[in-house]
Amino acid sequence: MASITLDNLGKVYPGGTRAVGGVNIDIADGEFIVLVGPSGCGKSTLLRMVAGLESISEGEVRIGDRVVNKIEPADRDIAMVFQNYALYPHMSVRQNLAYGLKNRKTPKADIEKRVAQASEILQIGPFLDRKPAALSGGQRQRVAMGRAIVREPAAFLFDEPLSNLDAKLRVAMRLEIKELQKRLRTTSLYVTHDQLEAMTLADRLVVLNGGQVEQIGTPLDVYRKPASAFVASFIGSPAMNLISASAVPHLPGTAHAGQIGIRPEDLTVTPDGPIAMNVLAVEELGAQRLVHGQTGGERITITLPSDAPLSDSMNLSYRPDALHLFDKDNGKRMD
Amino acid sequence: MIENRPGLNLLAHATLILGVCIVALPVWVAFVASTHGPTDFMSGTIPMWPGPHLVENYSQMLGAGVSTSGTPPVGTMMFNSLIMALSIAIGKIAISILSAFAVVYFRFPFRGLAFWCIFVTLMLPVEVRIVPTFQVVADLGLLNSYAGLSIPLIASATATFLFRQVFLTIPDELTEAARIDGAGPMKFFRDILLPLSRTNIAALFVILFIYGWNQYLWPLLITTSSDYYTIVAGIKRMADAVDGLPQWHLVMATAMLAMLPPVAVVVGMQRLFVKGLVETEK
Ligand SMILES: Nc1ncnc2c1ncn2[C@@H]1O[C@H](COP(=O)(O)OP(=O)(O)O)[C@@H](O)[C@H]1O
Ligand SMILES: [Mg+2]
């Protein structure tokens, strides 16, 4: 086990595409860090640089106190779980698990012990002699995790490991990964574009945008105090309402802001509320309903209990501390 | 498309049966001819039913051979053909799978050039370069040798392309997983690529074995010692016997025998062969 340090890390692909720039992250031993951001923001590139699958153009990656920039993936003491599982199709599950250990000349008895342990933890014992083709998606995912576990590496790297699973299984596996990581206490770096997955899994979140770090913090910190309008719009579901300050000039304290953010759940319906909204559409979610509307030409969404009365126009109010103000020029948080 | 009309089925079967008959007729004629005596062909009509000389003809061919044509016994020629076909098939597969491996997985200087050089050889089959190739082989003293029979036919762009295509269907993530699992290039080749190309290798083997077995012009050109005659070229030599009539019954018996090894290879490897041709997913 080890800490991981990304020091001013950057990547320029041959051809000149800058995928990542100036990334600094300190990952403590045993910590679960989730890299989250929209597709194409450089998450995979970052992870692959840590894994050693992509060369490092700028900066440094340290695992423990060792600079690993020039070290082969196999010698970095990491294990990676891929999106499409990347199991060896011609090997049985057992051989898949054992392959990396065999290449490292681990004694046979030791390999057997570790495979048995991993298959017990992941409950893949019954499939050990099957080929991956004879497994369901969820089972393959477990095998892929098993392959990482048996190695007992300093760190796990996950690249969107759940995105090939159906929604229900994804939620179940998410929890399993979380429990597994708590139990093994292995430093983990996990990539996803799914903000909900990121929120539920992470000890700390790293929100990426255009190859740059927008914010690092615990899920609640990021949720409560998004560092920029981008983070505000990306984290939380339904997304935070972002309206330009000029659309609601009468709100107090918003004079210098470019955008005003307020979460749908922070808005309440009150007859004399300062924001007047025309209702455009209602989505029923069962436990609650999402009401979409318009104010001063800006779209706005609120969540209401499913038994709340509806009307074509509503007046909304909010607690003053629920307001997030973002700068006109750079979109950064203003307090 | 799944059609379920009896009329169509009938038509389809009739077409297939007709096709089989057209292909099988010459084989049948050859078989029938190989069971008759030497005089049965003088009459001008070709017999359509087997005659009584089957055992006699075949045992003569397998034993002594035809003395008049200067060809060795069939056994020797079959053995030569077998060596040649196996060397060509195995050699081609070994070389092309390695070159495809290099082209797909390594970034070396002049990689593009190397690839194009391989590509260009597509336009140069033996028949086109037969005179210079003969010169080279003769200068190297490889006339009348197994090496001379097979080496000039081994380089193969087609097989290289096939393996390149196969390797390109193998997901990058699998390669990366193997890298993280500590498999170096050759280990990756042996443990991952070879097993994953198994069916393609088998399909290619069948095709190349038959290609090698059926080589005619090249062996005819470079073998002057009967010790190195191959069977396909040998049949030709038997057929133009100088001092006498061609002994068709014996020629046909040899032809029948010459067909057996390719048939055996196809039948034996049929399952893998078909899989290798139709399988696309890795
Ligand atoms: N091999 C490559 N060559 C050039 N550009 C690449 C390569 N891989 C990724 N990119 C570019 O780098 C950026 C980040 O990609 P990636 O890290 O895969 O994003 P993410 O995983 O967040 O979706 C994208 O703009 C992508 O087009
Ligand atoms: Mg990605």
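Before we start: a helix here is a DSSP run of H or I with at least four residues, a strand is a run of E with at least two, and both are numbered from the N terminus. Also keep in mind that this is a predicted model.

Q: In which loop of chain A does R185(A) lie?
A: Look for the helix and the strand on either side of R185(A). The helix is α5 (167-184), and the strand is β8 (187-192). So R185(A) lies in the loop between α5 and β8 of chain A.

Q: Is R185(A) buried, partly exposed or exposed?
A: Buried means under 20% relative accessible area and exposed means over 50%, with partly exposed in between. R185(A) has a relative accessible area of 41%, so the label is partly exposed.

Q: What is the phi of D77(A) near?
A: First, find D77(A) in the loop between β5 (66-67) and β6 (78-81) of chain A. D77(A) is partly exposed, at 36% relative accessibility. Its phi is positive even though D77(A) is a residue other than glycine, and the value is near 60°.

Q: What is omega at the peptide bond joining S237(A) and P238(A)?
A: P238(A) sits in the loop between α8 (229-234) and β11 (241-244) of chain A. The bond that joins S237(A) to P238(A) is cis. Omega there is about -5°.

Q: Which helix of chain A gives the most to the shell around ligand 1?
A: Residues around ligand 1 include K43(A), S44(A) and T45(A). The helix that gives the most to this shell spans residues 43-51 and supplies 3 residues. That helix is α1.

Q: How much of the accessible area of ligand 1 does the protein cover?
A: On its own, ligand 1 has 560 Å² of accessible area.

Q: How many disulfides does the structure hold?
A: A disulfide is a covalent bond between the sulfur atoms of two cysteines. C41(A) is buried at 2% relative accessibility, while C117(B) is partly exposed at 47%. Over all chains, the number of disulfides is 0.

Q: How many helices does chain B have?
A: Chain B has 282 residues, and 41% of them are buried. Its secondary structure has 0 strands, and its helices come to 14.

Technical notes:
Residues numbered from 1 in each chain as written. Chains lettered and ligands numbered in written order. Predicted model: local features only at pLDDT ≥ 70, side-chain atom pairs only at ≥ 80, totals over all residues. Heavy atoms only, no water. Near = heavy atom within 4 Å. Areas by Shrake-Rupley, 256 points an atom, 1.4 Å probe, with all protein chains shown as cover. Buried < 20%, exposed > 50% of the residue type's maximum accessible area, 1.4 Å probe, protein only. Disulfide = S-S within 2.5 Å.
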